[in-house]
Amino acid sequence: MNSPPSPPGAEHTDRSSVRLGALVPLTRPGWVEAGRHLLAGLDQAVREVNDAGGIDGRPLELVVRDTAADPERAAAAVDELAHLGVAAVVGEYHSVVARAAAARADALGVPFLCSSAVLDALTEEPTEWVARLAPAQSYGWRIYADFLLRAGRRRIAVATQPSVYWASGTRILRDHLAPRGGTVLELDATLPPEALCDALVDHGATALLLLVGHPEPAVPIVRAVRGDRRLAEILVGAPAGQPEFAEWAAALGEEGAGIPFLRYLPERLGPLGERVGKELRERLGEAPSFVAFEGWDTVTVLAAVLRSHGTDRAAVAESWPRVAVEGTRGPIRFSRTPGIGVRQWTWTPVQVVDRDPAEPDRFRILQAG
């Protein structure tokens, strides 16, 4: 692989830090709570790497940039981080933002290990510069579609907003459900909640999936549906994972329970996952989400790569096929997957989970994929 020339300022002295750029949504309209969990995982792993001697005696340094869910801001951050001489870029939660970051990293020849974004088409063309830990959207959302079918829900309505991510999710659901007797009706999430409820009744929907932002318009939609006696039997779902975070429970209370979503954890964590989970809980002051584990795994993978292959950017990118690292959620290896243009962990554990209506702070595993 040909590596672009290093920019000014990219050189390190023998004892200088090894820098990793981190893209994280820390302000609105980004999903701030997801960003906080992602950063906690990234930072915890950096501390552990440095406690163990760093990268060949050099400390690992996280250079954090807030994307605020803005693709242009993320692309500009990749430019800046490349100029600062980072060995690689990590992170990001929002798929459309990660897509912009991946395109810029590919153009600049900067390795990018994406932590959380799931959009299948993370890059337009196959690239060696980008790898991903999160499962592709088509993998996780098909598992979710199978869950709906097993639950007897075949008339599916989706309340959706304009977005490459939501459009991709709708297409995955429709393509998977249609051959199995399911239908997908798209409803504009900008409809007044009462009008949306009327449409659900008119179409005989048995499930409503929230392919929308949080807290707006997700929270008003949930409240309207939960308060409509005509829709007492409808299943409300949120495959993108909004109910994972405490902010959801704080906004909706009991109304936010019983809403199945996807999360990327095994049924039971092993000793490493248990240890890291305990430390993340102490750091966050609450139970860590799967996003926090994704952050920890991201840095742990890159630390192993940097120790074994050095800090040259081309060497880092060329190492993706040789990664073999024990993560919090299982052994991590990257491969080429048909239809996916980046090196992919195939596959992260996937669960369909909800908050227990009898105890909204407790999660119930409804299906494991």
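Colleague: What relative accessible area does Gln161 have?

Modeller: This is a predicted model, in which local features need pLDDT of at least 70 and side-chain atom pairs count only at pLDDT 80 or more, while totals for chains, interfaces and linings use all residues. Residues are numbered from 1 along each chain as its sequence is written, and side-chain values use heavy atoms, with hydrogens and water left out. Gln161 lies in the loop between β6 and α5 (164-177), where helices (H or I, at least four residues) and strands (E, at least two) are DSSP runs numbered from the N terminus. Taking buried as under 20% relative accessible area, exposed as over 50% and partly exposed as in between (1.4 Å probe, protein chains only), Gln161 is partly exposed, and its relative accessible area is 27%.

Colleague: Which backbone nitrogen does the side chain of Gln161 reach?

Modeller: Leaving aside residues up to four places away in sequence, Gln161 touches Trp166, Ala189, Leu211, Val212, Gly213 and Pro217, a contact being heavy atoms within 4.5 Å. A polar contact is a pair of N or O atoms within 3.5 Å; within protein, one must be able to donate a hydrogen and the other to accept it, and residues adjacent in sequence count only if both atoms are side-chain atoms. The side chain of Gln161 makes such a contact at 2.8 Å, and the backbone nitrogen it reaches is that of Gly213.

Colleague: Which polar atom pair involves the side chain of Thr127, and at what distance?

Modeller: Thr127 is found in the loop between β4 (112-114) and β5 (130-132), and it counts as buried because its relative accessibility is 3%. Beyond four places in sequence, Thr127 touches Asp106, Arg336, Gly341 and Val342. A polar atom of the Thr127 side chain and the backbone nitrogen of Trp129 form the pair, at a distance of 3.0 Å.

Colleague: Is Glu92 buried or exposed?

Modeller: Glu92 has a positive phi of about 70° although it is not a glycine, and its place is in the loop between β3 (88-91) and α3 (95-108). Asp56 likewise has a positive phi, of about 50°, and is found in the loop between α1 (32-51) and β2. Asp56 is exposed because its relative accessible area is 61%. Glu92, by contrast, has a relative accessibility of 0%, and therefore counts as buried.

Colleague: Which residue does a cis peptide bond join to His214?

Modeller: Most residues other than glycine have a negative phi, and most peptide bonds are trans. Another, with omega of about 10°, belongs to a residue placed in the loop between β8 and α7; the residue joined to His214 is Pro215.

Colleague: What covers the buried residues of α7?

Modeller: Helix α7 spans residues 218-226, and its buried residues are Ala218, Val219, Ile221, Val222, Ala224 and Val225. An α-helix has 3.6 residues a turn, so residues three or four places apart point the same way. The cover of these residues includes β6 (155-160), α6 (193-202), β8 (207-211), β9 (235-237) and α8 (246-252).

Colleague: Which residue in β2 stands opposite Gly21?

Modeller: Strand β1 (residues 18-24) is largely enclosed by the rest of the structure, because six of its seven residues are buried. β1 pairs with strand β2 (residues 60-66) in the parallel sense over seven bridges, where pairing requires at least two bridges found by DSSP. The residue opposite Gly21 is Val63.

Colleague: How many disulfides does a search of the whole structure find?

Modeller: Cys114 counts as buried because its relative accessibility is 0%, and Cys197 counts as buried because its value is 3%. With a disulfide taken as a pair of cysteine sulfur atoms within 2.5 Å, the number found in the whole structure is zero.

Colleague: What is the radius of gyration of the protein chain?

Modeller: The chain holds 11 helices and 16 strands. For 369 residues the globule rule (2.2 Å times the number of residues to the power 0.38, with the radius taken over C-alpha atoms) gives a figure close to that of the model, so the chain is as compact as a globular protein of that length, and its radius of gyration is 21 Å.
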